[in-house]
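Hi there,

Here is the structure I promised to pass on to you. Have a look at it first, and then read my notes below.

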Amino acid sequence: VSTQSTWGPFLIGLLRRIKMNTSAHSTSFDRINCMFCCESFSTVQELEVHTYDSHKQQYPSFRDPPVLVKPTTDVSPVKLEVCVETVQSALAAQQGGAQRLELCSSLLEGGLTPSYGLIRKVLEITSIPCHVLIRPRSSDFLYSESEIEIMISDIEMCKKLGVKGVVIGALTTDGHVDVDVTKRLIGAAFPLSITFHRAIDMCADPISELDTLIQLGVHRVLTSGGKVDVDEGKDVIKAMIEHAKGRIIIMPGGGVSEANFGPIVAYTGATNIHGSFRTLSSGLMQYRKDHVYMGGSKTNSLDSEYSLKHTDAQLIARALEQLNK
């Protein structure tokens, strides 16, 4: 429901009143999450009311903490989702103007399910909707029964913690959307928002798979158009948006940067877009041991071993400014 609509202020006031009345009787009450669906499926919007407890806020020690701010009312026709894997990046994404987080770990491996502790902390100190990646391992998207059970357990954990949505994906041996597995994951996640991730880019024909995802009730699809990045896949992304006809949200992602953010939105007509907007920073360790590397390539340098990529709020802000030009 839009805060600019007739019902927006009334519903927000009602939720705040419920919060005040409920918090007096429950010490564990942290947030109210509501989703209001407009007449058109493509206009689903989310409203979230949070409480803040300043003594709980702790910031990562890797770099100086960003300023925690409550985002202003979103009036942009384009929603930016920022992919993050640390508390610091989550705070920076919010500060830069992101409207939603995709929380994961191990972006170097394409993203894996984050830990319970990371999800909980990010929910505590941010106020924008958080969607969590559900992916138990790297490599392909063909999952065993044990891995499916792991994903269902992770989804149940996310629901208990209060996330707004989950990001899922599963394929068959011949490269189609796995209908049975996806149904099980969506069933476990109900009533959370559902994004089908870039597993669709590993299908032979991403466009033809959209009808399956629409029938399954998926809300949005993250895609690079079946190509290595959004620049190469922009024609397919545009075709996917045209094929979807508002029945499902097509969200370009994969290689989105400050430089191509505006052009990709303009060319494809996307209303949601996804990126990480990261820069590389050196860690704070003074003693640095050479020739010992914690994973990754054995040819790592001393600098790379003691550095971390993190979301840059300024990159996000500059990207969003392109929409106003």
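**What I found**

The protein exposes about 16,400 Å², with carbon and sulfur atoms supplying 53% of that area. Please keep in mind that this is a predicted model. There are 10 helices and 12 strands in the protein. Of its 325 residues, 47% are buried. Among contacts with a separation of 6 or more, 66% are between residues 24 or more positions apart.

Let me start with the inside. The largest nonpolar core has 67 residues, and the ones with the most contacts inside this core are Ile119, Val166, Leu213 and Phe277. Helix H4, which covers residues 145–161, gives the most to the core, with seven residues. There is also a second, separate core of five residues, and Cys104, Leu107, Leu133 and Val167 are included in it.

What is Leu213 in contact with, once its neighbours within four places in sequence are left aside? The answer is Val177, Phe196, Ile200, Val218, Val221 and Ile248.

Leu213 also brings us to helix H6 (residues 206–216), where the buried residues are Pro206, Glu209, Leu210, Leu213 and Leu216. Viewed down the axis of H6, these buried residues fall within an arc of 125 degrees, so they line one face of the helix. What do the buried residues of H6 pack against? Their partners are helix H5 (179–189), strand E7 (193–196), strand E8 (220–223), helix H7 (230–244) and strand E9 (249–252). Just after H6 comes Gly217, which takes a positive phi of about 90 degrees.

Now for the charged side chains. Side chains of opposite charge can pair when their charged atoms come close. How many salt bridges does the structure hold? It holds 10, and I picked out a few for you.

- Glu85 and Arg278 meet through their side chains in a salt bridge, at 3.3 Å from N to O. Glu85 lies in the loop between strand E3 (79–84) and helix H2 (87–96), while Arg278 is in strand E11 (residues 278–282), so the pair ties together parts that are 193 residues apart in sequence. Arg278 counts as partly exposed, at 28% relative accessibility.
- Asp211 forms a salt bridge with Arg247, and their closest N and O atoms are 3.5 Å apart. This pair takes us back to H6: Asp211 lies in that helix and Arg247 in the loop between H7 and E9, so the two tie together parts that are 36 residues apart in sequence. Asp211 is partly exposed at 29% relative accessibility, and Arg247 is partly exposed too, with a relative accessible area of 36%.
- Asp201 forms a salt bridge with Arg198, where the closest N and O atoms are 2.8 Å apart. Are these two partners buried or partly exposed? Asp201, at 8% relative accessibility, counts as buried because the cut-off is under 20%. Arg198, at 30%, counts as partly exposed.

Notes:
Residues numbered from 1 in each chain as written. Predicted model: local features only at pLDDT ≥ 70, side-chain atom pairs only at ≥ 80, totals over all residues. Heavy atoms only, no water. Core = buried A, V, L, I, M, F, W, Y, C linked by side-chain atoms within 4.5 Å. Buried < 20%, exposed > 50% of the residue type's maximum accessible area, 1.4 Å probe, protein only. Helix = DSSP H or I, 4+ residues; strand = E, 2+ residues; numbered from the N terminus. Contact = heavy atoms within 4.5 Å. Arc of directions from axis to C-beta. Salt bridge = Lys/Arg side-chain N within 4 Å of Asp/Glu carboxyl O. Areas by Shrake-Rupley, 256 points an atom, 1.4 Å probe, with all protein chains shown as cover.
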